[in-house]
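Reader: Could you take me through this structure step by step? I would like to begin with a single helix and then look at the rest.

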Amino acid sequence: MSAEDLFGLASAAVLPGWLILMLAPRGKWRWLDRIPALVIPFGLSALYTGLILAHFSAAGGGFGSIAQVRALFASDWGLLAGWVHYLAFDLMIGALMATQMDRVGLARISQAPLLALIFLFGPLGVFLIWAAQGALRMMGKGDAA
Amino acid sequence: MNTVAKQYWALTGFAMAMMAAGLIWAAFEARQFQETLVWIKPFKFALSFVVLFATLAWVTARLSAAAQSARALKWTVAIMAAAFWFEMIYIAAQAAQGLGSHYNLGDWYHQIMYGLMGLGAVSLVVGTALVGWVALRDTDARLGSDLRFGVGVGFILSCVLTLITAGALSSMAGHFVGTPPAGAAVIPLFGWSAAVGDLRPAHFLALHAMQAIPLLAWIVQGRSMARGWIIGGAAAYTALTMALFVQALMGLPMVRL
């Protein structure tokens, strides 16, 4: 399979996970909760493991400078590994945040856009959730979010 | 804490988080839209939502258990939440691309989104009036009867005045009446034109009737003429808002600087 094929496959694989997080009932069926929290991220982590072991040693690649990171991502395979990393971790974090937001009783109408933001821009959504929690705690309304 | 007030507090928190995001954005941003840095508009809207939702949270937390559990109130907070997320995400996403949100009729996508923003804005002010109506009728609310009266009058008045001023705003091609010359003076902090007519000051006053009138009620509550003060204050506030509105429609700035 080409890098392009795997890219399409991995990107499509997370969509059911995000749809479940945004729309499906939670805490009702254990197997359903585990699809975004465990099953899909585990599959993508396995794919990443193979990709990174085979392609990390790209010429000039490393984590020490922008130039080294660019070298890692210079090939389609290296870029694919990086993308799968995003897909896997964003979904995992999304599932974790969903559980937390359930715990404080945040309505799904507010959870869904936050999850969409994590899907698209990972840390941006996490920032909003944590900043909101921090602000509410400072006001003594910590149980609201 | 009841769930309706809790959701309003949560929305207050998220609007605060968006203000923080705007300030961090500012550190990296140099692009301008209509002579204003692009992060300013989402920041101003986030601030406005903080004030709106904190006011609603404060009031709904004091309603009686029966009023709090009314289905109408639960629907109101849900619809307002949807409107908030839609407005903020669209405004921020457009700003991040250096594009306009209101008055952006560039193609069918932006026309639809501008229309939906109008729908969202109407939901927000009608929702506010609904909460005001519930408070007005909730004799068991943990608000003194004068304060409750002020909340009801202020929230409903805010809705009516906003529908008038923002209705006029949306029927025009922009918030100016006239064309300010490049680099023309603006009112500090607010950014309203100090050279030509600008409908935003009247819109601002209209929105904040929901804080001004309850605040007046809080000050005068318990006095023998409290209701009279509240009604008189509401009438004066309406007159001032309308004066600014007509002044702007005539193409005159609020103050010429």
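**A helix, its surroundings and its partner chain**

Author: Helix α1 (residues 3–23) of chain A has 21 residues, which at 1.5 Å a residue should span 30 Å; its end C-alpha atoms are 31 Å apart, so the two values agree. Please keep in mind that this is a predicted model.

Reader: Which residues of α1(A) are buried?

Author: The buried residues of α1(A) are Ala10(A), Val14(A), Gly17(A), Trp18(A), Ile20(A) and Leu21(A). They cover an arc of only 155 degrees around the axis, which means that they sit on the same side of α1(A).

Reader: Which exposed residues are on the face turned away from the buried side of α1(A)?

Author: That face of α1(A) carries the exposed residues Glu4(A), Asp5(A), Gly8(A), Leu9(A), Ala12(A), Leu15(A), Leu19(A) and Leu23(A).

Reader: Now chain A as a whole. How many helices and strands does chain A have?

Author: Chain A has six helices and zero strands, and its pattern along the sequence is α-α-α-α-α-α. Its C-alpha atoms fill a box of roughly 55 × 35 × 20 Å along the principal axes.

Reader: What share of chain A is buried?

Author: Of its 145 residues, 31% count as buried. As for contacts in chain A between residues at least 6 apart in sequence, 59% join residues at least 24 apart.

Reader: What is the mean pLDDT of chain A?

Author: The mean pLDDT of chain A is 93, with 99% of its residues at 70 or more. Chain B has a mean pLDDT of 94, and 99% of its residues reach 70 or more. The model scores ipTM 0.91 and pTM 0.93.

Reader: Could we look at one loop residue? Is Ser57(A) buried or exposed?

Author: Ser57(A) is found in the loop between α2 and α3 of chain A. It counts as exposed because it has 10 C-beta neighbours inside 10 Å, and the cut-off for exposed is 12 or fewer. The C-alpha atoms of Ser57(A) and Gly94(A), 37 residues apart along the chain, are separated by 31 Å.

Reader: Let us turn to where the chains touch. How many residues does each chain give to the contact?

Author: The contact takes 19 residues from chain B and 17 residues from chain A. On the chain B side, α1 (3–26) and α4 (71–96) each supply at least two residues. Of the elements of chain B, α1(B) gives the most, with 13 residues. By class, this side of chain B has 15 nonpolar, three polar and one charged residues.

Reader: You mentioned α4 of chain B. Is Met88(B) buried or exposed?

Author: Met88(B) lies in helix α4 of chain B and counts as buried, because it has 21 C-beta neighbours inside 10 Å. Leaving aside neighbours within four places in sequence, Met88(B) is in contact with Met18(B), Pro42(B), Phe45(B), Ala46(B) and Phe49(B). Met88(B) and Met18(B) are 70 residues apart along the chain, yet their C-alpha atoms are separated by 8.6 Å.

Reader: Which residues touch the most other members of the largest nonpolar core?

Author: They are Val84(A) and Phe53(B), in a core of 109 residues. Not counting residues up to four places away in sequence, Phe53(B) touches Tyr8(B), Leu11(B), Thr12(B) and Ala15(B).

Reader: One last topic: how many residues of α6(B) are buried?

Author: In α6(B), 19 of the 26 residues are buried, so the helix is largely enclosed by the rest of the structure. At 1.5 Å a residue, α6 (residues 145–170) of chain B should span 38 Å, and its end C-alpha atoms are 37 Å apart, which agrees.

Reader: And is Gly167(B) buried or exposed?

Author: Gly167(B) is in helix α6 of chain B, and it counts as exposed because it has 12 C-beta neighbours inside 10 Å. Gly167(B) and Ala195(B) are 28 residues apart in sequence and 23 Å apart in space, C-alpha to C-alpha.

Conventions: Residues numbered from 1 in each chain as written. Chains lettered and ligands numbered in written order. Predicted model: local features only at pLDDT ≥ 70, side-chain atom pairs only at ≥ 80, totals over all residues. Helix = DSSP H or I, 4+ residues; strand = E, 2+ residues; numbered from the N terminus. Expected span 1.5 Å × (residues − 1). Buried ≥ 20, exposed ≤ 12 C-beta atoms within 10 Å, placed from the backbone. Contact = placed C-beta atoms within 7 Å. Nonpolar A, V, L, I, M, F, W, Y, C, P; charged D, E, K, R; others polar. Core = buried A, V, L, I, M, F, W, Y, C linked by C-beta atoms within 7 Å. pLDDT = per-residue confidence, 0-100. Arc of directions from axis to C-beta.
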